[in-house]
Amino acid sequence: MPRSRRPGRVRGSLLALALLAPALLGSAPGGSGETISLSGNGPGQRLDVTLTQVVDPAAPAGPEPAGSDRLVATRFRLENTGTAVYQDSPAPAAHLLDSAGRRYTGDDVPTTAGPAFLQTVTLDPGGTTEGFIAFRLPVGADPAAVQFALNTGLADDVGQWSLPLP
């Protein structure tokens with residue numbers, strides 16, 4: 001019987017690690033809705049990123065997306081605080097984690113929550129923009145956290161906000 005319990009403990013530990021590891025790298029101090037300063041992989045790449053709103057569920061702005069049971073829309077504010085021009089695709093730079101440890105990549109699906117980011121955002125140093133990133137989740141998935149990283153989500157510096165927002 002201990003063998004059947006051990007994999008559950010390992011899975012639980014891995015889930016906790018998956019949710020907490022990014023927090024150790026750059027989580028908002030209050031858990032969510034705060035600004036996190038993130039670095040990219042290139043010289044001078046730096047953004048202040050703020051998760052300002054979560055709409056759950058979000059209605060699609062056009063025809064119902066195929067294969068999606070539910071949309072969750074997240075609004076981010078991006079401010080280029082670095083010395084290099086920021087040019088990136090925000091949707092794949094964002095991920096939503098559910099309470100079961102599943103990870104969903106952001107999508108450019110338009111929703112009625114508000115305007116989405118352009119597919120590619122270009123910000124000069126000091127520039128600011130806001131937009132929504134949508135996630136496709138199955139019904140019953142319980143959103144637990146949202147993550148964002150520069151370089152289309154591949155930068156080592158990852159910000160994480162706990163959900164739901166206060």
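Is Glu79 buried, partly exposed or exposed, and what is its relative accessible area? In this predicted model, Glu79 has a relative accessible area of 24% and is therefore partly exposed, a value that lies between the limits of 20% for buried and 50% for exposed residues. Glu79 takes part in a salt bridge with Arg77, in which the closest N and O atoms are 3.6 Å apart, and Arg77 is likewise partly exposed, its relative accessible area being 28%.

The contact between Glu79 and Arg77 belongs to a set of 5 salt bridges that a search of the whole structure finds. In general, side chains of opposite charge can pair when their charged atoms come close. Another of these contacts is formed by the side chains of Arg75 and Glu130, which meet at 2.8 Å, N to O. Because Arg75 lies in strand 3 and Glu130 in strand 8 (residues 128–137), this pair ties together parts that are 55 residues apart in sequence. Arg75 counts as partly exposed at 29% relative accessibility, and Glu130, at 35%, also counts as partly exposed.

A further salt bridge joins Asp98 to Arg102, with the closest N and O atoms 2.7 Å apart. Here the two partners fall into separate classes of accessibility, since Asp98 counts as buried at 0% relative accessibility, whereas Arg102 is partly exposed with a relative accessible area of 43%.

Attention now turns to the aromatic side chains. The structure holds 2 aromatic pairs. In one of them, Phe76 and Phe148 are arranged in a tilted manner, with 5.4 Å from centre to centre and 45 degrees between the planes. This pair links distant parts of the chain, as Phe76 is found in strand 3 (residues 70–80) and Phe148 in strand 9 (residues 143–148), the two being 72 residues apart. Phe76 is buried, with a relative accessible area of 0%, and Phe148 is buried with a relative accessible area of 0% as well.

The ring of Phe76 also pairs with that of Trp161, their centres lying 5.7 Å apart and their planes meeting at 70 degrees, so that the pair is edge-to-face; the angle exceeds the limit of 60 degrees over which planes are classed in this way. Distant parts of the chain are again linked, with Phe76 in strand 3 and Trp161 in strand 10 (residues 159–162), 85 residues apart. Both Phe76 and Trp161 are buried. Taken together, Phe76, Phe148 and Trp161 form one aromatic cluster.

Technical notes:
Residues are numbered from 1 along each chain as its sequence is written. This is a predicted model: local features need pLDDT of at least 70, side-chain atom pairs count only at pLDDT 80 or more; totals for chains, interfaces and linings use all residues. Side-chain values use heavy atoms; hydrogens and water are left out. Rings of Phe, Tyr and Trp (its six-membered ring) pair if their centres lie within 6.5 Å; planes under 30 degrees apart count as stacked, over 60 as edge-to-face and the rest as tilted. Helices (H or I, at least four residues) and strands (E, at least two) are DSSP runs, numbered from the N terminus. Buried means under 20% relative accessible area, exposed over 50%, partly exposed in between (1.4 Å probe, protein chains only). A salt bridge is a side-chain nitrogen of Lys or Arg within 4 Å of a carboxyl oxygen of Asp or Glu.
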